[in-house]
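Thanks for coming. I will keep this short and go through one structure with you. Please have a look at it first.

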Amino acid sequence: MSTPTRLHRLDGHVFDALARGGGGPQAVSILRTVQLSKHLLLVRAVLDLALETAPEQARRAALEASFEALVTADDRDRAGTRAVLAYPHVGAWATHCLRRLAQPADHSGLPLWADLAHLGAVAAAAATCAGADVEVLVPVLGGTVTLPSLGQVLLRELDGSGVARLAVRGGTVEVLGRPDARLDCREPTASSPAWRRVRALKLRCDGLTLRVDLDDVDPYRDCHGLGAAARLDDADAEVWRQQLAHAWQLLVRRHNSRAEAMAEGMRVIVPLADGDPLARGSSATSRHAFGAVTLTRPATALALGLALVHEFQHTKLSALMDLVPLTTGPLDGRGGGRAGEEHRRRFYAPWRDDPRPVDGLLHGAYAFLGVTDFWRYERAGPDSAGDRMAGFHFAVARQQVATACRSLAESGELTPAGRRFVAAMAATLGEWLAEPVSGDLTQLAEDANAEHLARWRLRNVVLDENTVGRLAECAAATGAAWPGGQGPPQLVAVTVATERLRLDGPRFTGMPLWRQAMLARVGDPAAFRRAVAEPAGWADRWPAATTADLALAASEYAEAARLLRAQVEGGDCSDEVWAALAVATRRQVPPGLTSAGYSGSVLLLAERPEMARALYRRLAAAMPASSA
């Protein structure tokens, strides 16, 4: 692997095409080439850093011999070898090793030498594909030896030894000392009780083919810590194949330009375990595993297609940010922040429970730009209910991305290229914001986004207690017992300097009941009206919903505010109730008014529900028991 170093460059028109949310197969091909170069550098860096900082561990892992075997395979067949080196989880492995070498005190997981010895498995896989003859030392993990992109050899009785030696000859792999563990890994029909093949899927629709591996064996596939599924049985694997085939058909026929890009750059699907109910519908990518998407099995082709669009946006942006810095400071994972900066600025992301650093916000905005485009095309679906639901999701997503783009543009934490990138995103979004959406759907989308922001503020904004006390005293002096009527201007003019963000706040626990009812209204307005008209109707569908929930779902804001206020006065100060109250109250604020031009604390409740709740609690606690 002695190819002369060359710099990768990205033409301006390709950069701009990516920034607008697309890019197509040409752009993805460039990014894929860049990622191969990155993997080559990472593998060499693992060798050099291990020899320098952990020579004994490198010796025990036979690291130099494994690297020489890799060179032998590369000399024999460069294309075959580099197909293995480009495999997503080779990048994840190399990054993991470099982190461990940089943090010698880290004793979690495997011994360092065992992680390093995985290079032998990479070399064996490359030699298998290249038809080269090599012998390598490989780690035995849980009684298995895994060859990246190919499969897994079962060696249960060697579980305690930790290592095995493989001989690769002409594409045939043999575990030395185990004549029964000998097979041709290149043969698609190869079958052996000791062999678990990575299932290679070939999905075709209208002349466009997606080739992906359903990888449930690679030891570095769970690079997000989300809990990768164990080996699937044949029946489960067939369900995945069928669902992916249906999703691919949807993408090719309704979102063809995105399907073409995926066909160029998506290589691996990693199933997540389905055990955690909160994790259902989860998906992820890693900037260190280009071309891999990790996800739980969605229930429908539509959900799976949407997840693939969302995650492939992350894939493109991660690869681009390896080539062109868009935010200031070094990155640490996909939107994971800057290394060594624990207290830097965080931002509201309309799709997240937690405050996000600028690179995380950019990643989310770019992913949801793809989501917005997905729903934009889905509005032309085959049935009217689908049209309304897609229109609602389109309206929600475009408002979310608009909010994020404004925060990004004003952050002061973008590079010149980043400012150009966000401006192009905003230009695309501007065109979509001009597209008409049914009035009630736009209004409901605004309510949904306002509720999320209110709940996010209630969960994550930590107030200065001294400021709360002073404002409570000011309110009490005017006789205000409830921060929802006309109050003194000081209740509104509270500066952001009085608050900080909780960076490890709790997750949101499910969708509020009023939003569930609202979605039913979106999908079938007539059925929603019938259900609400008879208590038994909505009690069957939303048994825990209150009359306030139904009023807010029906956009009866004044009635919802009255009922929610009664719930608060009855002792319910939960995030969900105050967030819903903020949504209902927001509709009572005259359009266009800001805190500088409106003296009523109604605006405080609509814009700063966490401060309104804190004031209410202070005022209620100070009231005599007889008047509370």
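Which residues line the largest cavity? Before I answer, please keep in mind that this is a predicted model.

The lining consists of Q35, T285, S286, R287, A289, F290, G291, T315, S318 and A319. Sorted by class, that gives 3 nonpolar, 6 polar and 1 charged residues. Helix 10, which covers residues 301-323, supplies the largest share of this lining, with 3 residues.

How much space lies in the largest cavity? The figure is about 40 Å³. As for the number of cavities, the count comes to 2 when a cavity must have 30 Å³ or more. A word on the approach: rolling a probe the size of a water molecule over the atoms shows where empty space is left.

Three strands make up an open sheet, and their order is 2-3-7, with antiparallel pairing. Why is one side of strand 2 and of strand 7 left without a neighbour in the sheet? Strand 2, residues 144-147, and strand 7, residues 195-197, are at the edges and have a single partner strand each, so one side of each has no neighbour there. On average, neighbouring strands of this sheet are turned by 15° against each other, with direction ignored.

Strand 3 runs over residues 151-154, and its antiparallel pairing with strand 2 extends over 4 bridges. For a specific position, look at L147, which has G151 of strand 3 opposite it.

That is the end of my part.

Terms used
Residues are numbered from 1 along each chain as its sequence is written. This is a predicted model: local features need pLDDT of at least 70, side-chain atom pairs count only at pLDDT 80 or more; totals for chains, interfaces and linings use all residues. Side-chain values use heavy atoms; hydrogens and water are left out. Two strands pair if DSSP finds at least two bridges between them. Helices (H or I, at least four residues) and strands (E, at least two) are DSSP runs, numbered from the N terminus. Axes are lines fitted to C-alpha atoms, for helices over the stretch in contact, and angles run from 0 to 180 degrees between N-to-C directions. On a 1 Å grid over the protein atoms alone, a cavity is a set of points where a 1.4 Å probe fits but cannot get out, and a pocket is an open set with protein on both sides within 12 Å along at least five of seven lines; lining residues have an atom within 4 Å of a point. Grid points are joined across faces, edges and corners, and a volume is the space filled by probe spheres set on the points. Ala, Val, Leu, Ile, Met, Phe, Trp, Tyr, Cys and Pro count as nonpolar, Asp, Glu, Lys and Arg as charged, and the others, Gly among them, as polar.
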